[in-house]
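Here is a short walk through one structure.

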Amino acid sequence: MDEPRRARRRRIREKLIKKVLLVFKKNNTYDFLNEYQVHEQAKKHVDNFKKCSCYMCGNPRKNFLGSSEDRMTIQEQRDWLNFIEQIDDVLTSHPTNKRPGKIHG
């Protein structure tokens, strides 16, 4: 019979806590805390593996550093280039070589 959903979530969470504790032990993190405090820190890290909310640990696309092109994913860059090429094709294929839709006088 299948495992109940809540029990499965608890089992997976305990597995992740053990994984975080192994990382703490490997990196000698929180050596100055007692075992209970280290376990509490591990439970916090399971929910969110990053240690802090500074700009260096966060998502670089969220931090508004650099130009908008630097923050685009590869898929967004590919779509943007495709869009630019389509616009160029439309502009160069127009008989008057002017932007379609504009009134030129």
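Tyr30 is partly exposed, at 22% relative accessibility. (Buried means under 20% relative accessible area, exposed over 50%, and partly exposed in between, with a 1.4 Å probe and protein chains only.) Phe32 is exposed, at 70%.

This is a predicted model: local features need pLDDT of at least 70, side-chain atom pairs count only at pLDDT 80 or more, and totals for chains, interfaces and linings use all residues. Residues are numbered from 1 along each chain as its sequence is written, and side-chain values use heavy atoms, with hydrogens and water left out.

How many aromatic pairs does a search of the whole structure find? It finds 3. Rings of Phe, Tyr and Trp (its six-membered ring) pair if their centres lie within 6.5 Å; planes under 30 degrees apart are stacked, over 60 edge-to-face, and the rest tilted. Tyr30 and Phe32 pair edge-to-face, 6.2 Å centre to centre with 65 degrees between the planes. Ring pairs also link Phe24 with Tyr30 and Phe32 in a cluster.

Trp80 and Phe83 form a tilted pair, at 5.6 Å and 35 degrees. Both lie in helix H4 (residues 74–93), 3 residues apart, about one turn of the helix. Helices are DSSP runs (H or I, at least four residues), numbered from the N terminus. Trp80 is partly exposed at 40%, and Phe83 is partly exposed at 41%.

Now the core. Ile17, Val20, Phe24, Val38, Ala42 and Val46 make up the largest nonpolar core. Such a core is a set of buried Ala, Val, Leu, Ile, Met, Phe, Trp, Tyr and Cys residues joined through side-chain atoms within 4.5 Å. Helix H1 (5–27) and helix H2 (35–47) each supply at least two of its residues.
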